Amino acid sequence: NGTELCSNCSIGTFQGYLASKTEDDCLDCPSNTKTLLSGNAAATACLCVPGYDGQILGTVSAGSSNCSQCRAGKFKGTVVGFSCSDCLDGFFTNQTGSTACRPCPAGKDCTDFDATPVPCAAGTFSAANSSWGCDDCAAGKFNIWQSQSRCSDCPLGHECLDPSLDPSDHKCGLGRFAFGGKPCETCPDAFYNDGSLCDLADFQGQDCPLGKTSMKGVIPIKS
C-alpha cells in the first residue's frame, strides 16, 4: 500500500522534526552524553554519561552539553541523575571522572576521601574499609611498622608503654617481670628466677625449690 514504517532514532541520538526521511536525520547527542532509550525527540533526552554531571541546555533540534567530570571524592555510576555523589565512608577516589569509589585498603587512612590513602603510622592500624582512619593500638599491644591492619600482643617480660617502639629494646632485667605490656616490676618475695625473666607463670605461684631462698629480684642461692 506504499506506507512507510517509521523507525526510532537509535540510543545516543535524537530528532525533533516531523517527516524525517532517513536515519541520517537523527542527530548525535552532545559530547559526554547519551540517551537511555531509542526514539528521542529532543536534545534534552541526552543525559551525562557515568563519571560526569550536569544537564543538556538547548532546543528540540540542537543542544550543548555542560557535563563536567565528577571531582575527586565524588562519583556517578549511571546515566540517570544530574549530580555526582560523595564517596561513602570507608571508600575513596583521588581521580576525576570516577564512576565508582574504591574501598579503603587495610592499613591506610582514607578520612580524606578525595586524596591518596595515607599509611597508618607505627603504633596505629586500620582494618579494610575503615571509615574512622587509623586507630591507636590498644593497651598491651604494639606495632612498629607502617600500613598495618592489626597490632600484636606485647610479649611477656617486655614493656610496651609506647606501641610504636620495638619491645625487644624494652626487656625487663633479671629479677623483674612484666605482662600485658605494663611497666616492669620487681619479682615478689617467695618467687625466684633462675636466670630467665620472672614472667606471669612464676608470678602466679612458683615457689622457691627446697634448699633455696629468695630475696626480691635475686637469683636463688643455697640456704
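Reader: Which backbone oxygen does the side chain of K76 reach?
Author: That of C48, at 2.9 Å. A polar contact here is a pair of N or O atoms within 3.5 Å; within protein, one must be able to donate a hydrogen and the other to accept it, and residues adjacent in sequence count only if both atoms are side-chain atoms. Before we go on: this is a predicted model, where local features need pLDDT of at least 70, side-chain atom pairs count only at pLDDT 80 or more, and totals for chains, interfaces and linings use all residues. Residues are numbered from 1 along each chain as its sequence is written, and side-chain values use heavy atoms, with hydrogens and water left out.

Reader: Is K76 buried or exposed?
Author: K76 is buried, yet has no salt bridge. Buried means under 20% relative accessible area, exposed over 50%, partly exposed in between (1.4 Å probe, protein chains only). A salt bridge is a side-chain nitrogen of Lys or Arg within 4 Å of a carboxyl oxygen of Asp or Glu.

Reader: Where is K76 found, and what does K76 touch?
Author: K76 is in the loop between β9 (74–75) and β10 (85–86). Strands (E, at least two residues) and helices (H or I, at least four) are DSSP runs, numbered from the N terminus. Leaving out residues up to four places away in sequence, K76 touches a list including C48, V49, P50, Y52, D53, C70 and C84. Contact means heavy atoms within 4.5 Å.

Reader: OK, salt bridges. How many does the structure hold?
Author: It holds 2. One is K74 with D86, the closest N and O atoms being 2.6 Å apart. K74 lies in strand β9 and D86 in strand β10, so this pair ties together parts that are 12 residues apart in sequence. K74 counts as buried because its relative accessibility is 18%. D86, at 43%, counts as partly exposed.

Reader: And which residue forms a salt bridge with D153?
Author: K141, with the closest N and O atoms 2.5 Å apart. That pair links distant parts of the chain: D153 is in strand β18 and K141 in strand β17, 12 residues apart. D153 has a relative accessible area of 55%, so D153 is exposed. K141 is partly exposed at 29%.

Reader: Which backbone atoms lie by its side chain?
Author: The backbone nitrogen of G12 lies 2.7 Å from a polar atom of the T35 side chain. The backbone oxygen of L37 lies 2.9 Å from a polar atom of that side chain. T35 also has contacts outside its sequence neighbours, up to four places away; among them are I11, C29, N40 and A45.

Reader: You mentioned L37. Why does L37 count as exposed?
Author: Because its relative accessibility is 60%. L37 is in the loop between β3 (33–34) and β4 (47–48). With L36 and V80, L37 makes a nonpolar surface patch of about 310 Å². Patches are made of residues with over 30% relative accessible area and no salt bridge: like charges are joined within 9 Å, nonpolar side chains (Val, Leu, Ile, Met, Phe, Trp, Tyr) within 5 Å. Areas come from the Shrake-Rupley method with a 1.4 Å probe; for residues, only the protein chains shown count as cover.

Reader: Last one. How many helices and strands are in the protein chain?
Author: There are 1 helix and 22 strands. Of the chain's 223 residues, 30% count as buried. The chain exposes about 13300 Å², with carbon and sulfur atoms supplying 53% of it.

Notes
Lys, Arg positive; Asp, Glu negative; His and termini not counted.
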